Amino acid sequence: MGWNSWNSFATTLTEAQAIETAKIMAGKLLPFGYDVFTVDIQWYEPGATGYTYRQGAEPAMDGHGRLLPAPNRFPSAVGGRGFRPLADRIHALGLKFGVHLMRGIPRLAYERDLPILGTGYTARDIANPNSVCTWNTDMFGVDMSKAGAQEYYNSVFRLFAEWGVDFVKMDDMSRPYGINWPEIEAAQAAIGASGRPMILSLSPGETDLEWGPHAQQHAQMWRISDDFWDEWKLLKEQFARLAAWNIYRRPGAWPDADMLPLGVLAMGSRKTKFTAEEQQTLMTLWSIARSPLIMGGDLRALDEATLKLLTNREVIAVNQHSRNNVQVSNDGERVVWTAEAADGKSRYLALFNIGDHPRVIEQELKAIGAPRTAKATDLWTGRTGDVDTRISLELRDHQSAFFKLS
C-alpha cells in the first residue's frame, strides 16, 4: 500500500513536491496502512517536462554509471548525498522510501565507457546495445553472461541501500519476460547482496502467464498489464487478468494490477474520468483480488470522497488479510468473487456488473461455502441485513456490491 508519483507528476516530481506530498500521505493515509512513498521515472533527468521522454537526454550519474537524482530538482542530493537526505525525511514521517529504476545501464555510461565499480571492467564490457527499451532511450540492457555484469547491478543496489531505499519499481522488465529474466534474477541477487531488504516490483506488463513461477521466486510484485489509467475499457480488462493470475498470488508474491488513478491526475490537468460507481468497482476488485493498493492521484488535491474511498478499513482488511480469494463466475457481464476473512468466521462476497446495462446478479450462499442464512454487511455503506439461501440484487452498469457474510 502506498503512493506513486507517475499518475500525477509524470517525470517532473521535485524534492519540494515530494516532501509536501509525503507529509499529506503521513497524515491522511499512513494511519490506514499506506506506507510506501515512491518517486517514479526519470528522477535523474534534469530537463524532464511531462509524460514524454526527451531523446538523448543527459542523465545525472556518477563516475561508475550509476544514476543520481537531478540536482536542480533534488537539491539535497548535491555533494554525493544522493537520495539519502530525502529518504531520511520520508522515513522520519513513518513512511518507506521507493524509487523507480530502468533496466540496464545508462547509454551515456556506454558512450563514456565508464568503469564498473570495484572491477576491471567497463560499461562497454557488459552493455548490450541491441537490448533497448521501445519507449525510452535512457538505457542499454546488461548482458548477464558477461563478466562484470552482476557487479554492476550489485553496485547500483548497494548505492540504493546507502540511500535507504525500501522499494524498487524496476521498469522495462516484465515485458518481454522471456528475454529479460536474467536481469530480473540479477536485480534480486543484487538486493540480497546489498545488505538492505528491498521490495522488487517489476514493470510494466502484460507479464506472460507462463513466467508466473519465476516471478513468484524472483520478485515481490509484478505488473499484469500495461499502464492502467482511468478508462472503463482498461478496468474491465483487469477482471480477466486478475482471475488468470490468481493461481500465482501468495504472501510475498503479488500480481499487480497497477496504480489507482483516482482524484486529480496528469500534472493537475484533470480529475479522474471514472464515475463514482466505477471508482468503487475499482477499489472492490483490487481488494477482493488482493492487488497492491498504490494511490496515483495528487494528494495535494485530495478530496473527501476520494479519501473516504481509500480509507475504508473493512475494505482494506479484505485487501490485506483475506485468504482463499477466487473468482466464482464471469459470464462477460456478471462477475462474482469471494474470499474468507482472516479469522475464518466470515466470508466476503463481491458482485460486479461489468456490462453496459442494468443486470440482476444472484449468488447461492451454499455454492461459496457460506451458511444458508447469514447477516450481510455492506462494506461500503455499513448497512446490514439478513439473507436466506441466496443474495440477489440489481446493479447498474459498471456498479458493484461488496458484502461480509457472518
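**Reading backbone and ring features**

Author: T389 is partly exposed, at 22% relative accessible area. That class lies between buried (under 20%) and exposed (over 50%), with a 1.4 Å probe and protein chains only. This is a predicted model: local features need pLDDT of at least 70, side-chain atom pairs count only at pLDDT 80 or more, and totals for chains, interfaces and linings use all residues. Residues are numbered from 1 along each chain as its sequence is written, and side-chain values use heavy atoms, leaving out hydrogens and water.

Reader: Which residue has a positive phi of about 75° although it is not a glycine?

Author: Most residues other than glycine have a negative phi, and most peptide bonds are trans. T389 has the positive value of about 75°. T389 lies in the loop between strand 19 (384-388) and strand 20 (390-395). Strands (E, at least two residues) and helices (H or I, at least four) are DSSP runs, numbered from the N terminus. D172 also has a positive phi, about 60°. D172 is buried at 7%.

Reader: Where is D172 placed?

Author: In the loop between strand 7 and helix 7. P176 lies in that loop between strand 7 (167-171) and helix 7 (177-194). A cis peptide bond joins R175 to P176, omega about 0°.

Reader: How many aromatic pairs does the structure hold?

Author: Phe, Tyr and Trp rings (for Trp, the six-membered one) pair with centres within 6.5 Å; planes under 30 degrees apart are stacked, over 60 edge-to-face, the rest tilted. The structure holds 22 such pairs. One is Y152 with Y153, tilted, 5.9 Å centre to centre and 55° between planes. Y152 is buried at 2%, and Y153 is buried at 1%.
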